[in-house]
Amino acid sequence: MDLQFIFSVWCVFNGGKLTITDINGSTEMWHNQLEVDRLDKVRFMLVQCCETLSNVISSNLMQRLRRLERLKVWWCDSLETIFNLQGSFCASTYFRDLKLMYLPKLTHIWKNVSQQTHCFKYLTSLEVERCDNLRYIFTISMVKVLVNLNYEGIGNCEKIEKIVTREEE
C-alpha cells in the first residue's frame, strides 16, 4: 500500500492535531523518503485502532515533529514500540505528555534512545494502562533524561516487573 495514500486517507490534520486511525495495511506510518508538509506544526498526535502497526515514531519522524507536545496511543493490537529513535538527534523540545492505553503487545516505550537524546527532557506526564506485555517502563539512561517527569500513572499492566531496569533487559 502506498504510504502517501495511507497518510491522506486515514490521517486527519486539524489545526495542530494529527489523528491517525485504522491504518491496518501497514506496519509503519512513514519512511525516510516521505515528505509530509505540516508535520512541523503538529502539537497533539492521536494514534488509534491501527491493528498492524508495529512502531509509532521512528528517528526520521521525530525529527519532523518539531512541535509535538502530546502523544496518545491506544487500541493498536500489534504495536511493540512507541519511540524507536536509534540514538539520533531529536528536534522536538516541546514534548510533555504521553498516554498509552490498551496496547497488548507493547514491549518498549523507548527503544534505542541514548542519554544524549533530549526529546524527552521536558516530559512531565506519563500514563500507561492495559499494556500487558510491557515488563518495565524506563531504562536507567532514560531516567537520567526525564528530569521534569512529575506524574507517572501505571495501571493494569499484567507483566510489569519493575519501573526502572538496566539497559535493554
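Analyst: Helix 3 (140-145) and strand 12 (162-165) each supply at least two residues of the nonpolar patch. Do keep in mind that you are looking at a predicted model. The members of the patch are I140, V143, I154, I163 and V164, and together they have about 340 Å² of accessible area on the surface.

Let's pick one member, V164, which is found in strand 12. Is V164 buried or exposed, or partly exposed? Its relative accessible area is 39%. Buried would mean under 20% and exposed over 50%, so V164 falls in between and counts as partly exposed. In general, nonpolar side chains in soluble globular proteins tend to be buried together.

Now follow the chain on from helix 3. V147 lies in the loop between helix 3 and strand 11 (151-155). Because its relative accessibility is 56%, and exposed means over 50%, V147 counts as exposed. The C-alpha atom of V147 is separated by 8.7 Å from that of F120, although the two residues are 27 apart along the chain.

F120 takes us to the inside. The largest nonpolar core has 44 residues, and F120 is among those with the most contacts inside it, along with I82, F83 and W110. Leaving aside residues up to four places away in sequence, F120 touches F83, L85, F95, W110, V113, M142, V145 and L146. Two of these names, M142 and V145, fall within the range of helix 3, 140-145.

Among contacts between residues at least 6 apart in sequence, 81% join residues at least 24 apart. The accessible surface comes to about 8,500 Å², and 45% of that belongs to carbon and sulfur atoms.

Most residues other than glycine have a negative phi. C49, in the loop between strand 3 (44-48) and strand 4 (55-58), has a positive phi near 55°. Y102, in the loop between strand 7 (97-101) and strand 8 (108-111), also has a positive phi, of about 55°. C49 is partly exposed, with a relative accessible area of 29%, and Y102 counts as partly exposed at 29%.

Definitions and conventions
Residues numbered from 1 in each chain as written. Predicted model: local features only at pLDDT ≥ 70, side-chain atom pairs only at ≥ 80, totals over all residues. Heavy atoms only, no water. Patch = residues over 30% accessible without salt bridge, like charges linked within 9 Å, V, L, I, M, F, W, Y side chains within 5 Å. Areas by Shrake-Rupley, 256 points an atom, 1.4 Å probe, with all protein chains shown as cover. Salt bridge = Lys/Arg side-chain N within 4 Å of Asp/Glu carboxyl O. Helix = DSSP H or I, 4+ residues; strand = E, 2+ residues; numbered from the N terminus. Buried < 20%, exposed > 50% of the residue type's maximum accessible area, 1.4 Å probe, protein only. Core = buried A, V, L, I, M, F, W, Y, C linked by side-chain atoms within 4.5 Å. Contact = heavy atoms within 4.5 Å.
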